[in-house]
Amino acid sequence: MSKIYYKSKEEVELIRESSLLVSKTLAEVAKVIGPGVTTKQLNDLAETFIRDNGAIPAFLNYNGFPYSLCISPNEQVVHGFPGDYVIQEGDLISVDCGVIKNKFFGDSAYTFSIGEIDAERKKLIDVTQECLKLAIDKAVVGSRIGDVGYAVQAYAEANGFGVVRELVGHGVGVKLHEKPEVPNYGRKGSGIKLEEGMVIAIEPMINAGTAGVKFWSDGWTVTSKDNKPSAHFEHTVAVKRGNADVLSTFSFIEEVLKEKR
């Protein structure tokens with residue numbers, strides 16, 4: 001079993017640089033995402049932007065994944081292939097992005113609401129974002145991994161939603177996926193202790209219906225078992241004393257979306 005790789009302050013800053021580029025890439029996606037746009041167009045735009053900024057798309061060719069973004073509409077939970085799908089009014093579109101810059105990874109995801117969405121989808125988006133905030137609040141020295149997972153699970157299930165078990169968050173650093181695993185469920189006070197120098201990706205994947213998922217034959221795409229919509233938000237976070245240090249941000253995306261309204 002591989003060990004946890006603790007980062008120095010300098011390494012945390014390099015991961016921050018990569019994570020902020022991910023955040024800016026997602027903001028570029030935000031500028032063009034909307035009805036009539038294909039998911040492949042978003043992928044190509046993101047790849048160009050990442051390379052223009054001196055970085056490498058982290059997902060491209062990762063274990064054979066053939067694209068630079070994971071784009072997962074509606075009932076797709078994660079790892080969807082960009083392609084000919086034409087985005088429509090009322091869709092939820094999860095966009096997950098990673099980059100490598102100066103040998104360090106950044107990773108973040110955002111679920112976009114396209115135009116007017118129904119009440120169930122609006123609640124799902126709001127609850128999933130709140131799950132992420134609650135989990136980040138627990139990503140501090142002295143907490144345990146179970147505290148992070150419990151924060152997500154308790155809030156999502158209290159709102160009647162399903163918490164995906166088969167996919168988890170993870171450490172981030174010189175690899176895209178490092179130890180420790182960061183589940184979105186758990187018991188308070190259980191699991192490894194969080195310590196300064198850990199950098200983790202916290203990524204609630206919440207289904208509007210059942211927690212169960214289906215894995216597609218393409219080896220990547222995951223959908224909700226009951227085909228109800230799913231939402232996914234992710235930040236790269238450095239564990240600190242007192243308050244977690246969130247290395248990625250949604251502020252660039254939110255500025256763009258505000259201007260588009």
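# Briefing on a predicted protein model

The protein exposes about 11,200 Å², of which carbon and sulfur atoms supply 49%; accessible areas come from the Shrake-Rupley method with a 1.4 Å probe, and for residues only the protein chains shown count as cover. The structure is a predicted model, in which local features need pLDDT of at least 70 and side-chain atom pairs count only at pLDDT 80 or more, while totals for chains, interfaces and linings use all residues. Residues are numbered from 1 along each chain as its sequence is written, and side-chain values use heavy atoms, with hydrogens and water left out.

**Overall form**

- The protein contains five helices and 15 strands; helices (H or I, at least four residues) and strands (E, at least two) are DSSP runs, numbered from the N terminus.
- The radius of gyration is 17 Å, close to the 18 Å that the globule rule gives for 261 residues, so the protein is as compact as a globular protein of that length. This radius is taken over C-alpha atoms, and the globule rule is 2.2 Å times the number of residues to the power 0.38.
- Along the principal axes, the C-alpha atoms of the protein fill a box of roughly 45 × 45 × 40 Å.
- Of the 261 residues, 56% count as buried; buried means under 20% relative accessible area, exposed over 50%, and partly exposed in between, with a 1.4 Å probe and protein chains only.
- Among contacts with a separation of 6 or more, 71% are accounted for by residues 24 or more positions apart, where contact means heavy atoms within 4.5 Å.
- The mean positions of the 30 positive and 35 negative charges are 6 Å apart. Lys and Arg count as positive and Asp and Glu as negative, whereas His and the chain ends are not counted. The place of a charge is taken as NZ of Lys, CZ of Arg, CG of Asp or CD of Glu.

**The five-stranded sheet**

- An open sheet of five strands has the order S8-S7-S9-S14-S15, with antiparallel pairing. Strands S8 (178-182) and S15 (245-246) stand at the edges with a single partner strand each, so one side of each is left without a neighbour in the sheet.
- Two strands pair if DSSP finds at least two bridges between them. In general, strands of a sheet pair through backbone hydrogen bonds, either parallel or antiparallel.
- Strand S9 (residues 199-202) is joined to strand S14 (residues 235-238) by four bridges, and the two run antiparallel. Within this pair, Val199 stands opposite Ala238 in S14.
- Strand S14 is covered on both faces: His235 and Val237 on one side, and Thr236 and Ala238 on the other, are all buried.
- The bridge partner of Val237 in S15 is Val246.
- The hairpin of S14 and S15 has six residues between the strands, and Gly242 in this hairpin takes a positive phi near 85 degrees.

- Ten bridges join strand S4 (residues 92-101) to S5, and the two strands run antiparallel. One of the paired positions is Val95, whose bridge partner in S5 is Tyr110.
- Strand S5 (residues 104-113) is mostly covered, with nine of its ten residues buried.
- S4 and S5 form a hairpin with two residues between them, and the turn includes Asn102.

**Backbone features**

- Most residues other than glycine have a negative phi, and most peptide bonds are trans.
- Asn102 is not a glycine, yet it has a positive phi of about 50 degrees. At 44% relative accessibility, Asn102 counts as partly exposed.
- His79, also not a glycine, has a positive phi of about 65 degrees. His79 lies in the loop between strand S3 (76-78) and S4, and at 23% relative accessibility it counts as partly exposed.
- The peptide bond from Lys179 to Pro180 is cis, with omega near 0 degrees. Pro180 has its place in strand S8.

**A residue in helix H1**

- Glu10 lies in helix H1 (residues 9-32), and at 58% relative accessibility it counts as exposed.
- Glu10 and Thr221 are 211 residues apart in sequence and 35 Å apart in space, C-alpha to C-alpha.
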